[in-house]
Amino acid sequence: MRIDEIELRVVRLPYRTPFKTSFANETKKIAVLVTVRSEGVEGYGEGVMDPLPMYREETIAGATGLMRGALCPDLFAYGCEHPGELYDRWAHWRGNPMAKASVELAVWDCYARQQGVPLRTLLGGDRTEILVGASLGMNPVEQTVESVQRHVAEGYRRVKLKIEPGWDREMMSAVRAAEPEIELSVDANSAYTLADTELLQSFDEYHLHYIEQPLHWDDLTDHAALAALLRTPICLDESLTSPARVKAALDLGACSVVNVKVGRFGGIAAVQRVHDLCVTRQVPMWCGGMLETGIGRAHNIHIATMPGFVYPGDTASASRTYARDIVEQSLEAVNGIMQVPAGPGIGVTLDRPFLDTVTESVEVLRP
Ligand SMILES: [Mg+2]
């Protein structure tokens, strides 16, 4: 592929309701949309960096700087035979997986559109629908129970609660009392330490599907120590930043479930390696979410068609998050099942008039 033009667009899209986790209370999505134009075809990627480093260490300013200064000039200079080659080609620029993924995803979408096939076909994804769950932000107990029951009534197979110290047992007890059978998991986003081991052990009674990232956001060894003391499986999210980190986590016994976020791993080629490793070791994986707009959401849906994704992911209905999305297709789950958008690439098109109203800045780069 010859790359003719790359557009970096920053959009600001308000959430329907604020999303509270142990590390932030967010009211809007600020996303970087990357459009790659090649020989008359364009493809889209979405960056999941935040303005400030609240989740991992990357920021929008740093990531767009790397795109402008290195990733885009590299694509203009050398083009691309196949998008699967970019992860290794860019490995000499260390880290920065979200920046790299933003551009790589756009190249994958563009390449699939040029081939006239859905992205999932390039990934070996045979499914045309995927199982999805819902991730609920922190709200008062009564409101949380009501929200869980509403999602169960809508057919979601799995519900995930965000927890932190002081905001855990009471809520889990209430939810379990109301919904004894539902597949329930919790996500602590690094809010605990090994000093909380007894408290974390007490969560075993709620027969959680897994507990996600209980300890420090960059840790493996403390998680391995904790895993040996819990019956509840540990799933890692923040700590897994590359295929090599996933291998290290599994070798150490730090987790027995893997949350895949394409931005955190550095793109689809990295996800493919993580996928194959987890399949070989029979480790269940699922596709996480970062409250993406329709572009990132569509990528996640295609990625989750790969056969190793055996647990429901976080890629729930777009309307849970946004009153109006920036794509023309509605990405809605019915009975906990999401159809994979049909058509070439990621299968969605931009709602351009609306996109312009939520755009903060646009920058077009050329060779
Ligand atoms: Mg998480």
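This is a predicted model: local features need pLDDT of at least 70, side-chain atom pairs count only at pLDDT 80 or more; totals for chains, interfaces and linings use all residues.
Along the chain, P307 and M285 are 22 residues apart, and their C-alpha atoms are separated by 9.8 Å.

Because 10 of the 10 residues of α12 are buried, the helix is largely enclosed by the rest of the structure. The buried set includes the charged residue R297, and G294, I295, G296, A298, H299, N300, I301, H302 and I303 are buried in α12 as well.

Turning to the overall layout, the domain assignment divides the chain into domain 1 (5-117 + 349-365) and domain 2 (121-339). Taken over C-alpha atoms, the centres of the two domains are 23 Å apart. Contact between them involves 36 residues of domain 1 and 35 residues of domain 2. On the domain 1 side, the elements that supply two or more residues are the strands β1 (5-20), β2 (25-38) and β3 (41-47), together with the helices α2 (86-89), α3 (97-115) and α13 (352-357). Of these, α3 gives the largest share, with eight residues. By class, the side of domain 1 that touches domain 2 has 23 nonpolar, five polar and eight charged residues.

Two helix pairs can be described in some detail. Helix α5 (residues 141-153) and helix α6 (residues 169-178) have axes that come within 9 Å and cross at roughly 40°, and this crossing is right-handed. On the α5 side the contact is made by V141, T144, V145, V148 and Q149, which face E170, M171, A174, V175 and A178 of α6. Sorted by class, this contact has seven nonpolar, two polar and one charged residues.

In the second pair, helix α9 (residues 243-252) packs against helix α11 (residues 268-280) at an angle of about 20°, and their axes are 9 Å apart. Angles under 35 degrees count as roughly parallel, and α9 and α11 are therefore roughly parallel to each other. The crossing of α9 past α11 is right-handed. Here P243, V246 and K247 of α9 meet A270, R273, V274 and L277 of α11. The contact of α9 with α11 has five nonpolar, no polar and two charged residues.

Finally, the backbone deserves a look at two positions. Most residues other than glycine have a negative phi. E39, although not a glycine, has a positive phi of about 50°. This residue is found in the loop between β2 and β3. E39 has 10 other C-beta atoms within 10 Å, so it is exposed. S190 is likewise not a glycine, and its phi is positive at about 75°. S190 lies in the loop between β7 (183-187) and α7 (197-202). Its surroundings are another matter: S190 counts as buried because it has 22 C-beta neighbours inside 10 Å.

Definitions and conventions:
Residues are numbered from 1 along each chain as its sequence is written. A residue is buried if 20 or more other C-beta atoms lie within 10 Å of its own, exposed if 12 or fewer, and partly exposed in between; C-beta atoms are placed from the backbone. Helices (H or I, at least four residues) and strands (E, at least two) are DSSP runs, numbered from the N terminus. Axes are lines fitted to C-alpha atoms, for helices over the stretch in contact, and angles run from 0 to 180 degrees between N-to-C directions. Angles under 35 degrees count as roughly parallel, over 145 as roughly antiparallel, 65 to 115 as roughly perpendicular and the rest as oblique. A crossing is left-handed if the near helix is turned anticlockwise from the far one by less than a right angle, and right-handed if clockwise. Two residues are in contact if their C-beta atoms, placed from the backbone, lie within 7 Å. Domain bounds come from an automatic or database domain assignment.
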